[in-house]
Amino acid sequence: MRHIISLLLENEAGALSRVAGLFSARGYNIESLTVAPTEDATMSRMTVVTSGSDDVIEQITKQLNKLVDVVKVVDLSEGEHIERELMLVKVRASGKDREEMKRMADIFRGRVIDVTDKSYTIELTGTGQKLDAFLEALEEGVVLETVRTGASGIGRGERILRI
């Protein structure tokens, strides 16, 4: 089962490496990883997407809590949460295809953020399934380049990750 684990950790050199090392040393896979400083510059928030049974996720959580830099660990998948990814996709757009690419971006609530004579760069946000659906809806050979951030998540309502 897929889990989104959110960590609050000290914003210090090597913290990311220690978390990633914990996963690799135990043979756990990281499907996506995002990290950035929080409103408190001394802290960073890391979101790790991984898969495993409840026992495996419990073991991961316990091991993460043992790391010195980690302040708090929450499995967002255990409750209601909001999850989003960002994708930038460069598509072939010339001649009659330009209007079709613009229409596809609009259907998926994307924005064209860069235009050249032969291509558009489209920005999309949403769940991973939405971004996958956009790519599947495009004709084969249209996509020139794709970059995705991986999932970021936050608990709904009063569910807050703080010290």
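Reader: Does serine 44 count as buried or exposed, and what is the value behind that?

Author: Before that, some ground rules: this is a predicted model, so local features need pLDDT of at least 70 and side-chain atom pairs count only at pLDDT 80 or more, while totals for chains, interfaces and linings use all residues. Residues are numbered from 1 along each chain as its sequence is written, and side-chain values use heavy atoms, with hydrogens and water left out. Buried means under 20% relative accessible area, exposed over 50% and partly exposed in between, using a 1.4 Å probe and protein chains only. Serine 44 therefore counts as buried, at a relative accessibility of 6%.

Reader: Which side chain makes a polar contact with the side chain of serine 44?

Author: Serine 44 sits in strand E3, residues 43-51 (helices, H or I with at least four residues, and strands, E with at least two, are DSSP runs numbered from the N terminus). A polar contact is a pair of N or O atoms within 3.5 Å; within protein, one must be able to donate a hydrogen and the other to accept it, and residues adjacent in sequence count only if both atoms are side-chain atoms. Leaving aside neighbours within four places in sequence, serine 44 is in contact (heavy atoms within 4.5 Å) with residues including Leu9, Asn11 and Val35. The polar partner, at 3.3 Å, is the side chain of asparagine 11.

Reader: How many aromatic pairs are there in the whole structure?

Author: Rings of Phe, Tyr and Trp (its six-membered ring) pair if their centres lie within 6.5 Å; planes under 30 degrees apart count as stacked, over 60 as edge-to-face and the rest as tilted. Searching the whole structure on that basis, the number of aromatic pairs comes to two.

Reader: What is the angle between the planes of phenylalanine 23 and tyrosine 28?

Author: These two rings form an edge-to-face pair, 6.4 Å centre to centre. Phenylalanine 23 is itself buried, with a relative accessible area of 1%. As for the planes of phenylalanine 23 and tyrosine 28, the angle between them is 80°.

Reader: And how many residues apart in sequence are the parts tied together by phenylalanine 108 and phenylalanine 134?

Author: The ring centres of phenylalanine 108 and phenylalanine 134 are 5.2 Å apart with planes at 80°, so this pair is edge-to-face. Both partners are buried: phenylalanine 108 has a relative accessible area of 16%, and phenylalanine 134 has 0%. Phenylalanine 108 lies in the loop between helix H3 (97-107) and strand E6 (111-115), and phenylalanine 134 in helix H4 (residues 128-137), so the pair ties together parts whose separation in sequence is 26 residues.

Reader: How far apart in space are leucine 124 and valine 35?

Author: Leucine 124 belongs to strand E7, residues 119-126, and counts as buried at 1% relative accessibility. Not counting residues up to four places away in sequence, leucine 124 touches Phe108 and Phe134, among others. Leucine 124 and valine 35 are 89 residues apart in sequence, and their C-alpha to C-alpha distance in space is 20 Å.

Reader: Which pattern does the chain follow when read along the sequence?

Author: The chain has four helices and nine strands. Of its 163 residues, 37% count as buried. Its C-alpha trace spans about 60 × 35 × 35 Å along the principal axes. Read along the sequence, the pattern is β-α-β-β-α-β-β-α-β-β-α-β-β.
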